[in-house]
Amino acid sequence: MSTTNWMETDEVGLKLALEQAHKSYNEGGIPIGCSIVASDGTVLGVGHNERIQKSSATLHGEISALENAGRLKAQVYRDATIYTTLSPCLMCTGAILLYKIPRVVIGENSTFLGGEDLLASHHVQVVVIDDPECKELMNRFIREKPKDWNEDIGEE
């Protein structure tokens with residue numbers, strides 16, 4: 001895992017993910033946002049955690065972004081980067097591996113450490129930014145709604 005390998009399109013991708021995280025927070029949901037961006041800078045999809053808003057068991061930020069990107073050819077995913085404000089859980093890690101997305105940029109992993117080692121073991125480039133805004137937003141939510149947070153990560 002790396003905090004280097006920052007690319008020009010990464011600023012846009014992470015900004016879009018953060019906008020989605022704030023959108024979810026403002027809707028009363030879990031503030032995790034995601035974007036998927038092709039190597040040429042084309043935004044393929046954005047989304048945010050909507051488990052609370054839609055009473056969904058699976059609508060995490062990464063899954064929402066994939067859903068909003070729509071049905072794409074396999075090669076499109078293989079030429080993209082997925083940006084997420086928080087380390088992806090095992091479900092979202094599985095989706096990244098399924099679609100063979102080669103690069104994941106993570107806003108922060110101090111409030112939750114997901115499947116980064118699994119991604120790396122499958123030759124996915126994992127870039128952790130340790131972004132202060134991502135951390136502050138997540139920490140604020142966890143303080144305000146610990147029960148909702150624990151539910152989202154499958155804890156009691």
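Visitor: What radius of gyration does the protein chain have, and how does this value relate to a compact globule?
Guide: The radius of gyration is taken over C-alpha atoms, and the globule rule is 2.2 Å times the number of residues to the power 0.38. The model is predicted. For 156 residues, a compact globule would have a radius of gyration near 15 Å, and the value for the protein chain agrees with this, being 14 Å.

Visitor: In what order do the helices and strands of the protein chain run?
Guide: The protein chain contains 7 helices and 5 strands. Read from the N terminus on, the order of these elements is α-β-β-α-α-β-α-β-α-β-α-α.

Visitor: What share of the residues of the protein chain counts as buried?
Guide: The C-alpha trace spans about 40 × 30 × 25 Å along its principal axes. The accessible surface is about 7800 Å², with 51% of it belonging to carbon and sulfur atoms. Of the 156 residues, the share that counts as buried is 47%.

Visitor: Which side chain of opposite charge is nearest to Glu 108?
Guide: Glu 108 lies in the loop between strand E4 (103–106) and helix H5 (116–121). Glu 108 is buried but has no salt bridge. A salt bridge requires a distance within 4 Å, whereas the nearest side chain of opposite charge is 6.4 Å away and belongs to Lys 135.

Conventions: Residues are numbered from 1 along each chain as its sequence is written. This is a predicted model: local features need pLDDT of at least 70, side-chain atom pairs count only at pLDDT 80 or more; totals for chains, interfaces and linings use all residues. Side-chain values use heavy atoms; hydrogens and water are left out. Helices (H or I, at least four residues) and strands (E, at least two) are DSSP runs, numbered from the N terminus. Buried means under 20% relative accessible area, exposed over 50%, partly exposed in between (1.4 Å probe, protein chains only). Lys and Arg count as positive and Asp and Glu as negative; His and the chain ends are not counted. Accessible areas come from the Shrake-Rupley method with a 1.4 Å probe; for residues, only the protein chains shown count as cover.
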